[in-house]
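Let's take a walk through this structure together. Have a look at it first, and then we'll go through a few spots one by one.

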Protein chains: 2
Amino acid sequence: MFANSLNVRPLFEETSPAREQCSLGALFDRSQLEHATAGQIVFFEGDRALHVFAIREGNLRICRQLHDGRRVITGFLTKSDIVGVSFKNRYLYSAEALDDVVFQRQTKMAFEKQLLARPDLRPVLLSQLCDEVAAAQDQMVLLSCKSAEERLCSFLLGRLRKSMAHGCQTNVINLPMTRLDIADYLGLTIETVSRTVTKLAGQGILSAGRRHEILVLKKSGLVERAGEDLAADDGLDTPGYYHH
Amino acid sequence: MFANSLNVRPLFEETSPAREQCSLGALFDRSQLEHATAGQIVFFEGDRALHVFAIREGNLRICRQLHDGRRVITGFLTKSDIVGVSFKNRYLYSAEALDDVVFQRQTKMAFEKQLLARPDLRPVLLSQLCDEVAAAQDQMVLLSCKSAEERLCSFLLGRLRKSMAHGCQTNVINLPMTRLDIADYLGLTIETVSRTVTKLAGQGILSAGRRHEILVLKKSGLVERAGEDLAADDGLDTPGYYHH
DNA sequence: CGCCCTATTGATAAACTTCAAGTTATGTGG
DNA sequence: CCACATAACTTGAAGTTTATCAATAGGGCG
């Protein structure tokens, strides 16, 4: 969803050539495709931040570590997201493959240069950054005051909405990450995540099918339990703003 | 510190005319000064987001509410910060005065227009957004896996560093907010904040003087207890990036 | 001086974590 | 294709941290 950096969700759904032109992904067209498999690390927290990456296939987790080994996942990225954009010398987080990932890279310099050549993409960059800040705030609300059940329901709803926004009309939630990843994302332990899933399944809200899939039986049950905020879903994009 | 929106901390310390030109605050020069007193709300979560604000004096808290009344403070803003920049139709948070606040406002439209006239400020805007995302991630780490003591120490250290960056060379931390505000910012209760302050005072780390001031006796004690990240303080700004 | 708001302190309870054991997938090599 | 090994997940019991409830103390302002 986000990361310090942006993760570009293009304004349009799919990456047909015409639409691709309007997303930041277009800036990577000339870069060669690279691959990573589950567990591989694309870049490490603390590495010199020389490149910006565009994800073409697969899923990544964005992690930060405390010195004693505690881990926080600040976001999950997927196809068409961009990662690594920031003003810092070093990456503030590492990016690790959850599954088979295909991506492209560019040096920051080249990325910046390309961006200058495409002033129409400037508002896209700003918009992506604003979305990222908004997502980070949602996560702060979640971590700050939601219960385990609320956190899990919010998370599942978020994934469901995202997949629906991308065109999938099922009620199957795809979870490319492990329970431990979910726990580290939600500020819980793996045991609490597991127990909460079991509880929701017992209440007929969902059904845990295969390991990386959850079937939603009562979306309304998830919504009720997610403890969303006051202003939720009220904030539509303002198309004109910054867009010229 | 941050908010969904940006809160501009200008690259230079004070607002001498020459330096002011290089910060986004310059875009508000023609706006009239407005005032708010402690507890007054500059704008509400859910309001139509028509304006962008520049803070000239005083302190604000940035709040979000869940439907059942739980409150999260996602940041504190102060002199020279800017708030309200985003791509959304409605504010995703409310901004409330902690003390006597002086601010200026502009319509989003005018702000955007001014920005077009000052392309040199574009990288400043981007940089501020990146900083805001970075700060939000730090807060996610704090909320996700730090203990009450670590949270409080991180918070106090952050305030201390900020005031030192602004030129103050004391070890007195100014806290314009109440304990409840601190609690809502750190994802704790007021009682836990109070107990933790007492505990740290007992260990000779700090001394709680007047209500809105804390005296730091052993900064190293705070650092040890803050549980900072791996990559902390390693990421210096890359001055050239995006700056033309 | 006294009131009200804020903060502190104490006792109890709840939620979640931790530790431990057991179960189910997954994938690999025979 | 099946058996086995390993990792991922689930479930249970005990332990901690922090929240909650309740009472008290301190500060600022009329």
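Which residues does A:E228 touch, not counting residues up to four places away in sequence? Keep in mind that this is a predicted model. In chain A, the residues touched by A:E228 are A:K146, A:S154, A:L157 and A:R161. From chain B, B:L66 and B:H67 are on the list too. To find A:E228 yourself, look in the segment after α7 of chain A, a helix that covers 219–226. Is A:E228 buried or exposed? A:E228 has a relative accessibility of 19%, and buried means under 20%, so A:E228 counts as buried.

Now hop over to chain B for a sheet. Here 3 strands make an open sheet, and their order is β9-β11-β10, with antiparallel pairing.

Zoom in on β9(B) and you'll find 3 bridges joining it to β11 of chain B (residues 213–216), with the two running antiparallel. One bridge to spot involves B:V172, whose partner in β11(B) is B:L215. There's a helix packed on this sheet as well: α4 of chain B, residues 148–165, touches β9, β10 and β11 of chain B. The direction of α4 makes about 95° with that of β9(B).

Next up is DNA strand D. There are 16 residues around DNA strand D, and those that come nearest are A:S194, A:R195, A:T198, B:A148 and B:T192. Of the DNA strand D atoms that come within 4 Å of the protein, 66% belong to sugar and phosphate.

| Residue and its atom | Atom of DNA strand D | Distance |
|---|---|---|
| A:R179, polar backbone atom | phosphate oxygen | 2.9 Å |
| A:R195, polar side-chain atom | base nitrogen | 2.8 Å |
| B:R211, polar side-chain atom | sugar or linking oxygen | 3.4 Å |

Which elements give two or more residues to the surface near DNA strand D? They are α6 (190–202) of chain A and α6 (190–202) of chain B. With 4 residues, α6(A) supplies the largest share of that surface. Sorted by class, the surface near DNA strand D has 7 charged, 7 polar and 2 nonpolar residues.

Notes. Residues are numbered from 1 along each chain as its sequence is written. Chains are lettered from A and ligands numbered from 1 in the order in which they are written. This is a predicted model: local features need pLDDT of at least 70, side-chain atom pairs count only at pLDDT 80 or more; totals for chains, interfaces and linings use all residues. Side-chain values use heavy atoms; hydrogens and water are left out. Two strands pair if DSSP finds at least two bridges between them. Contact means heavy atoms within 4.5 Å. Axes are lines fitted to C-alpha atoms, for helices over the stretch in contact, and angles run from 0 to 180 degrees between N-to-C directions. Buried means under 20% relative accessible area, exposed over 50%, partly exposed in between (1.4 Å probe, protein chains only). A residue is near a molecule or strand if one of its heavy atoms lies within 4 Å of it. A polar contact is a pair of N or O atoms within 3.5 Å; within protein, one must be able to donate a hydrogen and the other to accept it, and residues adjacent in sequence count only if both atoms are side-chain atoms. Ala, Val, Leu, Ile, Met, Phe, Trp, Tyr, Cys and Pro count as nonpolar, Asp, Glu, Lys and Arg as charged, and the others, Gly among them, as polar.
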